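This report is for a reader meeting the structure for the first time. Please look over the sequence and the model before reading on.

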Amino acid sequence: MNGTAEETIVRGVMDRWKSAVDAHKPEIVASVFTQDAIFQGLHPYSVGRQGVADYYGSQPIGLKAEYRVLQTRTLAQDVVLGYLDVDFSFTDRPAIQVALSVVLRRLGDQWYVCHYQVSKLG
């Protein structure tokens, strides 16, 4: 990627997400999502910020996320798709590599995740 407008948007949102994940601040992670976000981690899906906060609150202290943006697309005005590789590392077990698709939506002057879908490949 060459720093397209879409990639800049995705990186801005995912940097906020990563910072909160790395700091183990589930309520701040949840604030990166829309109120009605569909969230699919490696457990059953949830809808809304509380499900996101509960998911990340259940993760172990020391969880860290490293991501790489692979592709971005503008889907509609104020809607951007991001496709990423993410490595989640732990203090007590091997890292997990996943593919992550996010759909971002602009509300006012801020971008939020409205759909989050993890796939564990291989």
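The model is predicted, so local features need pLDDT of at least 70 and side-chain atom pairs count only at pLDDT 80 or more, while totals for chains, interfaces and linings use all residues. Residues are numbered from 1 along each chain as its sequence is written, and side-chain values use heavy atoms, with hydrogens and water left out.

**Salt bridges**

The structure holds 7 salt bridges. A salt bridge here is a side-chain nitrogen of Lys or Arg within 4 Å of a carboxyl oxygen of Asp or Glu.

| Salt bridge | Distance, N to O |
|---|---|
| Arginine 11 and glutamate 7 | 2.7 Å |
| Arginine 106 and aspartate 78 | 2.5 Å |
| Arginine 93 and aspartate 92 | 3.4 Å |

Arginine 11 and glutamate 7 both belong to helix α1, residues 5-22, where 4 residues, about one turn of the helix, separate them. Helices (H or I, at least four residues) and strands (E, at least two) are DSSP runs, numbered from the N terminus. Are these two side chains buried or exposed? Arginine 11 counts as partly exposed because its relative accessibility is 33%, whereas glutamate 7, at 5%, counts as buried. The cut-offs are under 20% relative accessible area for buried and over 50% for exposed, with partly exposed in between (1.4 Å probe, protein chains only).

The side chains of arginine 106 and aspartate 78 also meet in a salt bridge. Arginine 106 lies in strand β5 (residues 96-107) and aspartate 78 in the loop between β3 (64-76) and β4 (79-89), so this pair ties together parts that are 28 residues apart in sequence. Arginine 106 is partly exposed at 35% relative accessibility, and aspartate 78 is partly exposed with a relative accessible area of 26%.

A further set of residues, Lys18, Asp22 and Glu66, is linked in a network of salt bridges.

**Aspartate 92 and its surroundings**

Aspartate 92 sits in the loop between β4 and β5. With a relative accessible area of 56%, aspartate 92 is exposed, while its salt-bridge partner, arginine 93, is partly exposed at 41%. Aspartate 92 and proline 60 are 32 residues apart in sequence, and their C-alpha atoms are 9.3 Å apart in space.

**Strand pairing**

Two strands pair if DSSP finds at least two bridges between them. Which strands pair in the parallel sense over 4 bridges? They are strand β1 (residues 33-40) and strand β6 (residues 110-119). Glutamine 40 stands opposite glutamine 117 in β6.

Strand β6 also pairs with β5, in the antiparallel sense and over 9 bridges. The bridge partner of leucine 104 is valine 113 in β6. The hairpin of β5 and β6 has 2 residues between the strands, and glycine 108 in this hairpin takes a positive phi near 65°.

**Threonine 72**

Threonine 72 is found in strand β3 and is buried, with a relative accessible area of 4%. Its side chain makes a polar contact with the side chain of glutamate 6 at 3.4 Å. A polar contact is a pair of N or O atoms within 3.5 Å; within protein, one must be able to donate a hydrogen and the other to accept it, and residues adjacent in sequence count only if both atoms are side-chain atoms.
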